[in-house]
Amino acid sequence: MRCVAVDDPSDPRLAPFLRLRDTQMRSAREPAEGFFLAEGTRTIRRAFEAGYAPRAVIATERMLRELDDLGVVAYVVSDEVLEATTGFPVHRGALASFSRRPIPDAPTVLVEAERVVVLEDLVDATNVGAIFRAAVALGWDAVVLSARCSDPLYRRAVRTSMGAVFSIPWTRVTHSSGIDVLHDAGFTVIALTPTGSSEIGTAEIPARRALVVGSEGPGVSRRWLDAADLRVRIPMHAGIDSLNVATAAAIGLYALA
């Protein structure tokens, strides 16, 4: 790793790390420019070990020893410059920019998978990251995202997942044909919904299964509900009718694992 000291947060070499508070800017800019950001040495290392090519690192001096084998330029900054550059306190002391890779098509991802979770139009990156983390922890094989689903390589999703987004194959499908892609690949599609006819864990589940969770608030869309092979619900008490989508997904992933 080649270290370069930088003491000006407006230095153009720090451009990939600027103004991270601006969610709209980041989500539009990162995919367009072909990079994503990983925060913290553990998450950075997981991206590196998953084969993503590092482009640059910005870090405080105390964090460099844990990243000295990445073979890229490291911009060494103070805590103050790091916060001024990114717009928020980077408590883990390091950020790395990585090159994106082409997203594989759905048939390629699904061909050897048996258990996949499908995220339909989830817009909150934190929920996306949390579901990726649960899917990896519980041994699922792949994640399928609808076209309008939040980017799993957005910084907040990467951070929430603790790098799990690098550990599991994922792909995107269109809203209109996505469920047909799953059926064509031989999956039984199971929609997780409060109006499900069966309690989760009681229905007989085939080996190749796709669990669908819907967007925050509306849940699984009518189109996907109508096309699903099964609708299952999580039994709840005390008048609670729904759960946060990441919590519900984790329960579903565990029950159907």
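This is a predicted model: local features need pLDDT of at least 70, side-chain atom pairs count only at pLDDT 80 or more; totals for chains, interfaces and linings use all residues.
Biologist: What makes the contact of the His175 and Glu120 side chains polar?
Modeller: The two side chains come to 2.7 Å. A polar contact is a pair of N or O atoms within 3.5 Å; within protein, one must be able to donate a hydrogen and the other to accept it, and residues adjacent in sequence count only if both atoms are side-chain atoms. Therefore 2.7 Å qualifies.

Biologist: Where is His175 found?
Modeller: In the loop between β8 and α7 (178–184). Helices (H or I, at least four residues) and strands (E, at least two) are DSSP runs, numbered from the N terminus.

Biologist: Why are β9 and β12 called paired?
Modeller: Two strands pair if DSSP finds at least two bridges between them. Strands β9 (residues 188–192) and β12 (residues 230–233) have three bridges, in the parallel sense, so they pair. Ala191 stands opposite Arg231 in β12.

Biologist: What is the strand order of the open sheet?
Modeller: Its seven strands run β8-β7-β6-β11-β9-β12-β10, with parallel pairing.

Biologist: What makes β8 and β10 edge strands?
Modeller: Strands β8 (170–173) and β10 (198–199) each pair on one side only.

Technical notes: Residues are numbered from 1 along each chain as its sequence is written. Side-chain values use heavy atoms; hydrogens and water are left out.
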